[in-house]
Amino acid sequence: MTTAATTIDFEKIEGPVYTGRDRGQRLRVELCLDDLDARGVEVDIKIPESTYTISSSFFLGLFGPSVVKAGSRDAFYRRYHFKSPSFLKEVMDSYVARALQSRNLFI
């Protein structure tokens, strides 16, 4: 069951550098992503053009459990819709692949 989308706007998160697994995990809790995942809520993520980098540790802390719960890259991207600078798309794809390869870290 999918419910209405919610938005995560990185403009409201201190940046333009997003690093640290702990920081990503804290943000995950603040944004209630486990609850959103359980309810099947679609999530729109807006990452501003001014973003310099998103580290794998931050991304995996924030989204790793959601990737694993989704079970595949395509299933994750059906629920999590990223609007980001083009240079980040390939990088984030590699992080999604890493989460799927390391599933036991997020269970």
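This is a predicted model: local features need pLDDT of at least 70, side-chain atom pairs count only at pLDDT 80 or more; totals for chains, interfaces and linings use all residues.
Local features here need pLDDT of at least 70, side-chain atom pairs count only at pLDDT 80 or more, and totals for chains, interfaces and linings use all residues. Residues are numbered from 1 along each chain as its sequence is written, and side-chain values use heavy atoms, with hydrogens and water left out.

**The sheet**

Let us start with the strands. Helices (H or I, at least four residues) and strands (E, at least two) are DSSP runs, numbered from the N terminus. Three strands make an open sheet in the order β1-β3-β5, and their pairing is parallel. Two strands pair if DSSP finds at least two bridges between them. At the edges are β1 (6–9) and β5 (80–83), each of which pairs on one side only. From one strand to the next, the twist averages 20°.

Strand β3 (residues 43–46) is joined to β1 by four bridges, and β3 also pairs with β5 over four bridges in the parallel sense. Thr6 stands opposite Val43 in β3, while Ile8 has Ile45 as its bridge partner. On the β5 side, Val43 stands opposite Tyr80. The two faces of β3 can be told apart: Val43 and Ile45 lie on the covered face, Asp44 and Lys46 on the uncovered one.

Two packed helices are described by the angle between their axes and the distance between the axes. Axes are lines fitted to C-alpha atoms, for helices over the stretch in contact, and angles run from 0 to 180 degrees between N-to-C directions.

| Helix pair | Axes come within | Crossing angle |
|---|---|---|
| α1 (residues 21–30) and α3 (residues 56–70) | 6 Å | roughly 40° |
| α3 and α5 | 9 Å | roughly 55° |

From α1, residues including Arg21, Leu27 and Arg28 meet α3 residues, among them Phe58, Leu62 and Pro65. By class, this contact of α1 with α3 has six nonpolar, five polar and three charged residues. Ala, Val, Leu, Ile, Met, Phe, Trp, Tyr, Cys and Pro count as nonpolar, Asp, Glu, Lys and Arg as charged, and the others, Gly among them, as polar.

Where α3 meets α5, the α3 residues include Phe59, Val67 and Val68, and those of α5 include Met92, Tyr95 and Leu100. The contact of α3 with α5 divides into nine nonpolar residues, two polar and one charged.

**A closer look at Leu88**

Leu88 belongs to helix α5 (residues 86–101). Is Leu88 buried or exposed? Leu88 is buried, with a relative accessible area of 2%; buried means under 20% relative accessible area, exposed over 50%, and partly exposed in between (1.4 Å probe, protein chains only). Leaving aside residues up to four places away in sequence, Leu88 touches Ile47, Thr51 and Ile54. Glu11 is 77 residues from Leu88 along the chain, and their C-alpha atoms are separated by 16 Å.

Key. Contact means heavy atoms within 4.5 Å.
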